Amino acid sequence: MTRRITCIVKLPTHQDHHRRIQAVGGSGWQHPEETAIANVKRDPDAYEVTEQGKMAKVVVKTHDGREYLKTENDRFLPDNLLSLDDCLRLER
């Protein structure tokens, strides 16, 4: 089952694009980054992001030995995940 990511929880102190996401979420759910990475590694279709009517799969990449989440088509819209609303703001 593919889950649509509609929000993220950002680490407030990190400016590094590869270390900013603490968790991802959607309608009624939220997964820590480590869980989401494990889910994508187990099932490449685990998550998607829809932006401006275009769907992008979420993939796992590695930077400086650390795994992180990004969308497969960041060339269309840079930092698709990082541009999503904050899950904490949406829950209030």
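**View 1. The largest nonpolar core, 16 residues in this predicted model.** Ile5, Ile8, Val24, Tyr47, Val58, Leu69 and Leu81 touch the most other members. A nonpolar core here is a set of buried Ala, Val, Leu, Ile, Met, Phe, Trp, Tyr and Cys residues joined through side-chain atoms within 4.5 Å; buried means under 20% relative accessible area, with a 1.4 Å probe and protein chains only. Helices (H or I, at least four residues) and strands (E, at least two) are DSSP runs, numbered from the N terminus.

Two notes on the numbers: residues count from 1 along each chain as its sequence is written. Local features need pLDDT of at least 70, side-chain atom pairs count only at pLDDT 80 or more, totals for chains, interfaces and linings use all residues, and side-chain values use heavy atoms, leaving out hydrogens and water.

**View 2. Around valine 24.** Skipping neighbours within four places in sequence, Val24 is in contact (heavy atoms within 4.5 Å) with Ile5, Cys7, Ile8, Trp29, Gln30, His31, Ala36 and Leu69.

**View 3. The open four-stranded sheet.** Its order is β4-β3-β2-β8, with mixed pairing; strands pair if DSSP finds at least two bridges between them. β4 (29-32) and β8 (85-86) sit at the edges with a single partner strand each, so one side of each lacks a neighbour in the sheet.

**View 4. The one disulfide.** Cysteine 7 and cysteine 87 have their sulfur atoms 2.1 Å apart; the cut-off for a disulfide is within 2.5 Å. Cysteine 7 lies in strand β2 and cysteine 87 in helix α2 (residues 87-91), 80 residues apart.

Key
Buried means under 20% relative accessible area, exposed over 50%, partly exposed in between (1.4 Å probe, protein chains only).
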